[in-house]
Amino acid sequence: MVGGSQRGIGPREARPWTFYALGVLFGTFLLFLYGPMLVIYLLSFQGPNGGVTFPMVGVSLQWFRDIFKPGQMANIPIAFTRSIELAAVVSLLTVVISVAAALGFRRRFPGSGVVFYFAVASLVMPSLLVGFGIGLGFQFLGWQTSLFTSALGAQLTWTLPFGLFAMFAVVNRFNRSYEEAANDLGATAWQRLRYVTLPILLPGIIGVAMGAFTLSYDEYARTTLAIGRNNTLPLEIYALISSATSPVLFAIGTLTTSVSFLIIGTTLVVVWRMQRRRAVMVGE
Amino acid sequence: MNWIAKRSPPPLAAGGWGEGAAQTRVAPPPPIPPDQVRSRLLPRREGVSFRPSPWLISWFQLSPLSLVLLVLFALPTMLFLVVSFFDYDRVGIYPAFLLDNYRELLTTPTTLRVYISSLKFAVVVWAITLFLGFNIAWFLIFHIRSATTRTVLFLLCAIPFWTSGIIRTIAWIPFLGRNGAFNTILQSLDITSQPLTFLLFSDFAVVVTYVHLFTLLMVGPIANSMAKIDPALLEAARDAGASRWRTMVDVVIPLSKTGIALGSILVFTQVMGDYFVVKQMSGGQSASIVSMLSTEIQAMQYPPASANAMVLVVFVAIMVGCMMRIVDVRKELVK
């Protein structure tokens, strides 16, 4: 998040015309962002006789119930569980690996440039090709692609560079004199990390965990060729798009979005409370 | 008792700095008596003298990342480089060194057409997202005065990002369709009498969906760069008589070019790598490079698919390389 309290033009001056122009642009952009989303959230409550477009023919929870009915949608709940499990593992690994790497990158040393550009390359690589390469590799080795091997790996090539870049922003704001102070007070390297560096970086670290979780939870392009037999939720939805033409797709959309909301909302509240507690402690 | 004394700078190695430097060095301050030091941390144990070199520590910290990138990114890429030269038939693939896959790919007119079509989408979407991203970032960073409001507005931009790209793509279908929300609004406002049909399953729909999906990738990095600009610089520019336009061109754009470059790279590569949006939103009228490739993969034609993939990777690498030449992203990111 972007910090700083006072920016730009002083508070007493009148707003320039650019403020209003950009304000209108921003408002229009928000409408553009939310318009279609609101349409599908609304349509997921479509009455049992309604279709995939307006008008609404009554209001019902029919389409949400359909998700959990045995039949065409039978795979959705189990795919959902798989996605959550995979996202949790991806998130944990991303945090550990990218925090360590971001701390390591604070020093320029031989070879660091290569790793950095590999991370950039891994981020910009057309997604499907990553899964293709991994799937091909597994085939050559005679291994079976599966959720916690190839699919996990394919997602890490996506979440790790993101986690790393986010951690760069966090680490840049970190004042190194805290570490020097810990050194001067005789802390060992481990004590310095455990009691000084990590607690200060914690809100940022939680942010990275949350980001990695949602990136993984929504990922389909990298995973599709590396997943093996058991689909994750986005892949299951992808498979449904061509066959399902009822509002049940929208109901799935509404449901998965609320899960994201729940996870991110909880994390935000945790971070916010953490920062407030810290502010109180500093205040004393 | 003497652990504090050990923290004082070690004597310089003879000849390391030369005579003059060693003589002018200020004498270290006298050690503080230990009873005046109150620390919760335990004193450093005597005799612990293992000090790995800083480079070694950094490499250790980077090793998990390097390992993952090597095994899961570099090796697979090498693999399809190798496979792209292989021979194949309907049954399987055979090790060989053939240039046929590349020759076939590069001489088919479809390849060129699809590349041009993808590139066209990439450029149009890049221009729109850059315009939107820069202006939105500017508004949030320089015009919004309270940090809380700014955070809330940022969150408002980020929330749709929490919904899966697939859902966000198909969300446009009931919105843009013939009987969709947008046409209904237009007709009820008497702007058009007939529903507009070019809205859905067209290049227009593809661009709209891309912009919807990727604008945040532009806003984030640019806002991050702009937030580092000292507002005093803008004031100084104004006091020196610069117009708003000049301030933007000569002060803000140069200082936020890292964000612009990063955002551009993200948007550009996302569009070039897409296979879902084009397939879903163009109604089969346009193809993308990767959708062409995924058809080959589904037909188990791995060597031509690999050749196709290599050409795309080289193409994207060149474009990204050009953008990275303009800005030293690493220097700006890792301060």
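Helices (H or I, at least four residues) and strands (E, at least two) are DSSP runs, numbered from the N terminus. This is a predicted model, in which local features need pLDDT of at least 70 and side-chain atom pairs count only at pLDDT 80 or more, while totals for chains, interfaces and linings use all residues. Residues are numbered from 1 along each chain as its sequence is written, chains are lettered from A and ligands numbered from 1 in the order in which they are written, and side-chain values use heavy atoms, with hydrogens and water left out.

**View 1. Chain A as a chain of helices.** Chain A has 10 helices and zero strands, and from the N terminus on its elements read α-α-α-α-α-α-α-α-α-α. Of its 284 residues, 51% count as buried, where buried means under 20% relative accessible area, exposed means over 50%, and partly exposed lies in between (1.4 Å probe, protein chains only). Contact means heavy atoms within 4.5 Å; among the contacts in chain A with a separation of 6 or more, 72% are between residues 24 or more positions apart. Chain A exposes about 13,100 Å², and carbon and sulfur atoms supply 66% of that area, with accessible areas taken from the Shrake-Rupley method with a 1.4 Å probe and, for residues, only the protein chains shown counting as cover.

**View 2. The interface between chain B and chain A.** Here 108 residues of chain B are in contact with 105 residues of chain A. The area buried between the two chains is about 9,900 Å², of which carbon and sulfur atoms give 73%; buried area is the accessible area (1.4 Å probe) that two parts lose on being put together, summed over both. Arg145(B), Trp162(B) and Arg330(B) supply 10% of the area that chain B buries against chain A, more than any other three residues. The largest share of the side of chain B that touches chain A, 20 residues, comes from H2(B). Between the chains there are 10 residue pairs in polar contact, both residues being at pLDDT 80 or more; a polar contact is a pair of N or O atoms within 3.5 Å, where within protein one must be able to donate a hydrogen and the other to accept it, and residues adjacent in sequence count only if both atoms are side-chain atoms.

**View 3. Salt bridges within the chains.** A salt bridge is a side-chain nitrogen of Lys or Arg within 4 Å of a carboxyl oxygen of Asp or Glu, and a search of the whole structure finds five of them over all chains, although the count between chain B and chain A is zero. Glu179(A) forms a salt bridge with Arg106(A), with the closest N and O atoms 3.2 Å apart. Because Glu179(A) lies in helix H7 (residues 177–184) of chain A and Arg106(A) in the loop between helix H3 (75–104) and H4 of chain A, the pair ties together parts that are 73 residues apart in sequence. Glu179(A) is buried, at a relative accessible area of 7%, whereas Arg106(A) is partly exposed at 21%.

View 4. Asp250(B) forms a salt bridge with Arg246(B), the closest N and O atoms being 2.7 Å apart. Both residues lie in helix H11 (residues 244–255) of chain B, where they are four residues apart, about one turn of the helix. An α-helix has 3.6 residues a turn, so residues three or four places apart point the same way. Asp250(B) is partly exposed, with a relative accessible area of 44%, and Arg246(B) is likewise partly exposed, at 49%.

**View 5. Helix H8 of chain B and what covers it.** The buried residues of helix H8 (residues 181–188) of chain B are Ala181(B), Asn183(B) and Leu186(B). Their cover includes helix H1 (17–43) of chain A together with helix H7 (172–176) of chain B. Just after H8(B), Asp190(B) takes a positive phi of about 60°.

**View 6. A loop residue with a positive phi.** Met300(B) has a positive phi of about 60° although it is not a glycine. Most residues other than glycine have a negative phi. Met300(B) sits in the loop between helix H14 (289–298) and helix H15 (302–326) of chain B, and at 52% relative accessibility it counts as exposed.
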